[in-house]
Number of protein chains: 2
Amino acid sequence: MEKKLQELKMRLLEISDLNNASAVLNWDQTTYMPSGGAAARGRQMSTLARIAHEKFVDPAVGKLLDDLQSYADSLPYDHDDASLIRVTRRNYDQQTKVPSTLLAAFFQHSAESYQVWAKARPENDYTAVAPYLQKTVDYSRQIAECFPGYDHIADPLIDFSDQDMKAESVRALFAELRQALIPLVKSITAQTEVDDNCLHQPYPENKQLAFGQEVIKAYGYDFNRGRQDKTHHPYMTKFSLGDVRITTRVKENDLSEALFSTLHESGHAMYEQGIDMSYDGMPLGNGTSSGIHESQSRLWENQVGRSRVFWQHYYPQLQATFPEQLASVSLDTFYRAINKVQRSLIRTDADEVTYNLHVMIRFDLELALLEGSLSVADLPEAWHARYEQDLGLRAPDHRDGVLQDVHWYGGLVGGAFQGYTLGNIMSALFFDQALKAHPNIPTELGQGQFGTLHAWLQQNIYQHGSKFTANELIERVTGAPLTIQPYINYLHTKYGELYKL
Amino acid sequence: MEKKLQELKMRLLEISDLNNASAVLNWDQTTYMPSGGAAARGRQMSTLARIAHEKFVDPAVGKLLDDLQSYADSLPYDHDDASLIRVTRRNYDQQTKVPSTLLAAFFQHSAESYQVWAKARPENDYTAVAPYLQKTVDYSRQIAECFPGYDHIADPLIDFSDQDMKAESVRALFAELRQALIPLVKSITAQTEVDDNCLHQPYPENKQLAFGQEVIKAYGYDFNRGRQDKTHHPYMTKFSLGDVRITTRVKENDLSEALFSTLHESGHAMYEQGIDMSYDGMPLGNGTSSGIHESQSRLWENQVGRSRVFWQHYYPQLQATFPEQLASVSLDTFYRAINKVQRSLIRTDADEVTYNLHVMIRFDLELALLEGSLSVADLPEAWHARYEQDLGLRAPDHRDGVLQDVHWYGGLVGGAFQGYTLGNIMSALFFDQALKAHPNIPTELGQGQFGTLHAWLQQNIYQHGSKFTANELIERVTGAPLTIQPYINYLHTKYGELYKL
């Protein structure tokens, strides 16, 4: 048994090496690669992905998992070996159920679709992407159909990134959240708009970067096992548990861009850096779901990084860094500026409160596309109608409408968006729980001390990697299933105070 | 036939993708990787190398080559397809002749040996590396013995990097060169030492880098298909023909370090950038030998970059870049400083004239180790003795003696050094030939124009990649076999003038 487990681990490690190599190639492509390298680089990454996939779906892996099942069954559920076998089995079943030819055809289509979208978006050309999107919807359905027994055709796709979540359960959560958000947004946006001009002054790039890095170092992001570089879109990437990198982008005239994307990505990265080192290179050595991952980034970005106590400590330092820009701006003005709520068209620029409305629109529309109740041809108008209904705004074009996000044009339709809002909901849940365990956390945050919070997350979330599903983790941490109430309370308290509601 | 050729190319492209991915991982490791990434990175690179090797020595590749042989035979020697099949066959035979288990054991040993050396060198501890070096000598012999029929046991090892060269032919060349060098060095070093203090002032790093980059851009290095970063040891690396990068290191107090390493590496890089784009990802898409590669780097570093005409154009610009340091230093003083000849202990710091003596010492000692006429225990003293004989110096320790170069401690003993001096010899040969074809080249160099020289190299050397062996290339370009005379003439003319001999 020991020998079979060793062989399984050897195979998994090889696959992980291939996938991590591909991640390095992607990082290089987005940070430093000269333009001349682009053509070969795309091919190199897909070669690595193909070989990794071939090696994983090898029947020998299935055989090893079969042989090891009785050993796993003899162990406690949370034993490392049992968990490794369980999680690998799940991944194996998932990947082997989709025929390799279907997957290859989809990836090929996906890459083409992405190219078409990248050109069509600036040109505001929905008709160019429509046939590709139709094919993507078809592929998404075909892939979902590889998992018979679903209640809703989106369920298998949602399950890829948020295990055990279903269209129905997400819909129920979102409906509850929506009921709270719509009136909250309405009463906030009925007021005079907050003045956030203080954020829109010239802020030198190097000082912006240095300040953000100082904060995340204090958070607990380990620069000996990571680094930060600049990319067009910020992201976190991991090459091993000892090398978890983040990227950001800097706008000279918008202080919030680099700063909050840095805090956000550091949350993702601290999660990965905090995973039990013995899981490195194994399927357990990754964050467990899209929602849990997002909860960690949003917690450090919002619950901490946009809180008043945090800035009570850091604002004098920020003023000292940018005296010309901020010396005459009060903490209160600054705090209101970074928490300004407004109706807007672009998801990625949205504030904490309206952000979820953007996500729900996409979630509902992709379900409708998959169900067939909405056609690709009618999607742009459905998009506009829903934005008018929820946010009272209509995009002047498709560029800032249905073409704004890459997800549907470079991946599946279905399963890509719910994680953002699930993450928001969970971030409040976990933060609440940490405060219950350590009521001194707010005091510490006000002193620029993050050790207690970081240690609590490390203990309760980070270290487990993928050992527990999102639902299991939530049950373990809170003693109850996922609930939305702490998040609604958080929004009501914070924005009630801010907007004197 | 067409289908088989396509299949061969698909397989070769996949292997090239794996090797190039490994090169990206290595580049990242030496440029930006945080220290925490080191452990996993070493394993990731060896996983990629192992999979690439497995895929190349697959009998199916041999079968394809067998099946394609008649097609290759039906084509002219220099036809692209014939050349691809010929070069791939050669590589295949070379790699399949060494058993995979032997190779794997050697790589494993090599990695350990490197670690031991990296620690032993600063500690001046030869006894720590001696048992590893003995094993390396044994492995080198075993690997050489996989190629029976050699005249000298070093021949197969030399052949790995400099095809068709043999211990005997290299020895003959080196003996001839030695006869010319020893008296030249003697008469130069009998004179008062050249004053090169002008190079040893504080030179700000960013200006050093910017100046070097400006020069190599003018040379013809294409920054759209490459970039320069900083590493501990300068090198050139390639991820595809569209992405050929160089690295350098900067010493604030030594202007020559970054500058000449930049010119040197740009020569390697322009060679690779100049290869026929249709060879990308194929075995033809690489420089053809260690000697030819070094000839290209040395040509741009020395024949061009250390010439008087070059600096007649660039020295005023250098003075304008560093007015405080150089305004009062004459061109002649500067020119003499960058061409200062002196007896020294360290190969990588040696000047153009003495450099070859360092190489010959190593070449002769590694042959003696392989033959068994010199024991690993006696190596340090043999090193000292030879340095005293050839350079009149004895290193005070092993650190700057037998431990100074990584080659024997991280690779084979045999075949690693001759390329440096072969490159020097060939650089003069090619430069001479270019001048014969275009007598206006020196005038152009004096105007900072490099187009004619670059185009000649592109036409005669670069584009062919590995289509021709070094010897074939030399025959094609000069109409005669490799000769040492142009190099000796070059040294006598340049240093005769400099030192008024």
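**Figure 1. Helices α11(A) and α18(A) cross in the right-handed sense.** A crossing counts as right-handed if the near helix is turned clockwise from the far one by less than a right angle, and as left-handed if anticlockwise. The model is predicted: local features need pLDDT of at least 70 and side-chain atom pairs count only at pLDDT 80 or more, whereas totals for chains, interfaces and linings use all residues. Residues are numbered from 1 along each chain as its sequence is written, and chains are lettered from A and ligands numbered from 1 in the order in which they are written. Helix α11 of chain A spans residues 290–304 and helix α18 of chain A residues 418–437; their axes lie 7 Å apart, at an angle of about 60 degrees. Axes are lines fitted to C-alpha atoms, for helices over the stretch in contact, and angles run from 0 to 180 degrees between N-to-C directions. Helices (H or I, at least four residues) and strands (E, at least two) are DSSP runs, numbered from the N terminus. α11(A) and α18(A) are therefore oblique to each other (under 35 degrees is roughly parallel, over 145 roughly antiparallel, 65 to 115 roughly perpendicular, and the rest oblique). The residues of α11(A) that meet α18(A) include A:Ile292, A:Arg298 and A:Leu299; among those they meet in α18(A) are A:Tyr420, A:Phe430 and A:Phe431. Two residues are in contact if their C-beta atoms, placed from the backbone, lie within 7 Å. By class, this contact of α11(A) with α18(A) holds eight nonpolar, ten polar and two charged residues. Ala, Val, Leu, Ile, Met, Phe, Trp, Tyr, Cys and Pro count as nonpolar, Asp, Glu, Lys and Arg as charged, and the others, Gly among them, as polar.

**Figure 2. Helices α15(B) and α18(B) cross in the left-handed sense.** The axes of α15 (residues 355–371) and α18 (residues 418–437) of chain B come within 8 Å and cross at roughly 140 degrees. The two helices, α15(B) and α18(B), are therefore oblique to each other. From α15(B), B:Asn356, B:Val359, B:Met360 and B:Phe363 meet B:Gln418, B:Tyr420, B:Thr421 and B:Asn424 of α18(B). The contact of α15(B) with α18(B) has four nonpolar, four polar and no charged residues.

**Figure 3. Chain A contains an open sheet of three strands in the order β1-β3-β2, with mixed pairing.** β1 (228–230) and β2 (236–240) of chain A are at the edges with a single partner strand each, so one side of each has no neighbour in the sheet. Neighbouring strands are turned by 30 degrees against each other on average, direction ignored. β2(A) and β3 (residues 243–248) of chain A run antiparallel and are joined by four bridges; strands pair if DSSP finds at least two bridges between them. The bridge partner of A:Lys238 in β3(A) is A:Val244.

**Figure 4. Chain B meets chain A through 31 residues on each side.** α1 (2–31), α2 (38–56) and β2 (236–240) of chain B each give two or more residues to the side that touches chain A. That side of chain B has twelve nonpolar, eleven polar and eight charged residues. Chain B is superposed on chain A by a rotation of 180 degrees with 0.0 Å of shift along its axis (RMSD 0.0 Å), the relation of a two-fold axis. The superposition is by least squares on the C-alpha atoms of residues with pLDDT of at least 70 in both copies. In chain B, the C-alpha nearest the axis belongs to B:Ala21, 3.4 Å from it.
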